[in-house]
Each structure stands twice: as structure tokens, then as C-alpha cells.
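Please open the model in your viewer and follow the stops below in order, selecting residues as they are named.

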Amino acid sequence: IHVPAGKHIIVDAKVSLTAYADCVNADSDDVREVALKRHIDSVRQHIKSLSQKAYQQLEGLNSPDFVFLFMPVEPAFMLAFQHDEKLFSDAFEQRIVVVTPTTLLATLRTVASLWAIERRNRNTEKIADQARLVYEKVVVLVEHMEKLGKQLNTAQGTYDDVWRSLREGRGNLLSRADTFQKLGIRVKKELSRQLVEEANAEAELHEQLSMLESTSESPQ
């Protein structure tokens, strides 16, 4: 029987009821007792042979580790299992579940429900695994971002220091470079005039401040 999610349930319905018919039609207690024993033995033998066939292990089947033995005649089931109370447990130990028209549908629904629960549990585990992986990735990303922030701060500080050495202070590098151009050296590419003017103004300001300091320190 095909059930959702590609699952299968194997049902065997080839049980012999010849001895049961003999038991029902017996005209004496002695004949009935003998036929009843043959009926129970027949069911037990069929359980054993069905277990040995191991249908549930066939390639391509996605089945529980047991097979349903279907007895289409309810009284035949009742007669055998009432007179041999170990029959059902012995069958179950051999991976055989005996069902009748009354119990088959309910049992199928129970198995399908168990599969559904198992599928949900597997999905929950997969979601948990994915959530864990995402969380771990976020942790690594945050660590990289923190490291990048520190590197950017360091780079910004270095950038500011370099710019200050280029364009600020007395005799700054841009001002001195502009002096070379004014002296007539040939260049293929000129510095930005705005940067040069700012650098020259910075140099002149520091030159004037230096002169004022020198004057104030001279003896009267």
C-alpha cells in the first residue's frame, strides 16, 4: 500500500482458511478440536513463513520493519487467537502484525501518523541545524566586522598623519615641492593648486608665528 511521502506498507492476505472451514463444519467435538488445532497451526506456520520472506527488506520499498498479515474472515482470526493467547505476541516478535477488516484501516492510520510525527521531528532537527549554522556564521561575521572597524580606525589615523605631514606646518612637503616648480623644474603633472595654496598659506602662517616668537624673545 502506497502512503504519502513515498512510504509503503506491506500486507499479506494469503492465509489458508481450509482448517477453519473444517472446524466450522465439523459434526462432532472431536473433529472440531482436531480442525481447530490444524487451523491454529496453519496460522502459526503462515506467520513463520511470512517472517522468513522478509518482504519489508526488498529493494525499493520504504516500509516499517514489519509486515501486516491480513485475515479477511474475522471469526477465523478470533477463533485462532482466543485458543492460543501467545499467537499474537509470537507473531509480533517475528515482525508480523495480524490484522482483520475491523483493525486494518485503524492500524494503517496509526502507522501513517507515526511516520508524520517522525517526519516533523526530522524537519525540526534540520531547522535547528540550519539555525545553528546561521548563528555561527553571524558570530564569525561580527568578529570580522569588529576587526575591520579596528583596521579602518588605524588606517584613518595613518591617513590623517600622512596628510598633516604633507600639507601642514612650517616647511611642509607640498610647499617645498611647489617651490621646486617655481624654480623652473619640468613636470608632467602638477599638484592641485588648491592644495598647494593651502599648504603655502600654512607654511607662511607658521613662518610668521616663528618670527613673532623670535621678536618677543629678543632682549630689549
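**Starting at the sheet**

Begin this tour of a predicted model with strands β3 and β4, which run parallel and are joined by 2 bridges. Within this pair, select V11 and look across to F68 in β4, which stands opposite V11. Now widen the selection to the open sheet of 3 strands, whose order is β3-β4-β5 and whose pairing is parallel. Its edge strands are β3, covering residues 11–12, and β5, and each of these pairs on one side only.

**Into strand β4**

Select L69 next, a residue of strand β4. Is L69 buried or exposed? Because buried is the term for a relative accessible area under 20%, L69, at 1% relative accessibility, counts as buried. If you display the C-alpha atoms of L69 and A13, you will find them separated by 6.1 Å, although these residues are 56 apart along the chain. Show what surrounds L69 as well: leaving aside neighbours within four places in sequence, L69 is in contact with D12, V15, H46, I47, L50, I96, V97, V98 and V99.

**The largest nonpolar core**

From L69, move to the largest nonpolar core, which has 22 residues, and select V43, I47, L69, M71, F81, I96 and V98, the residues that touch the most other members. Then centre the view on I47, which, not counting residues up to four places away in sequence, touches L69, L87, A91, Q94, I96 and V98.

**Where two helices cross**

For the last stop, display α2 and α3 together. How do the axes of α2 and α3 cross? They come within 10 Å and cross at roughly 95°, and the two helices are therefore roughly perpendicular to each other. To see the contact itself, select L36, H39, I40 and V43 in α2, which meet A76, L79, A80, F81 and H83 in α3. Colour this selection by residue type, and the residues of the contact of α2 with α3 divide into 7 nonpolar, 2 polar and no charged.

Definitions and conventions: Residues numbered from 1 in each chain as written. Predicted model: local features only at pLDDT ≥ 70, side-chain atom pairs only at ≥ 80, totals over all residues. Heavy atoms only, no water. Core = buried A, V, L, I, M, F, W, Y, C linked by side-chain atoms within 4.5 Å. Buried < 20%, exposed > 50% of the residue type's maximum accessible area, 1.4 Å probe, protein only. Contact = heavy atoms within 4.5 Å. Helix = DSSP H or I, 4+ residues; strand = E, 2+ residues; numbered from the N terminus. Axes fitted to C-alpha atoms, helices over the stretch in contact; angles between N-to-C directions. Parallel < 35°, antiparallel > 145°, perpendicular 65-115°, else oblique. Nonpolar A, V, L, I, M, F, W, Y, C, P; charged D, E, K, R; others polar. Pairing = 2+ DSSP bridges.
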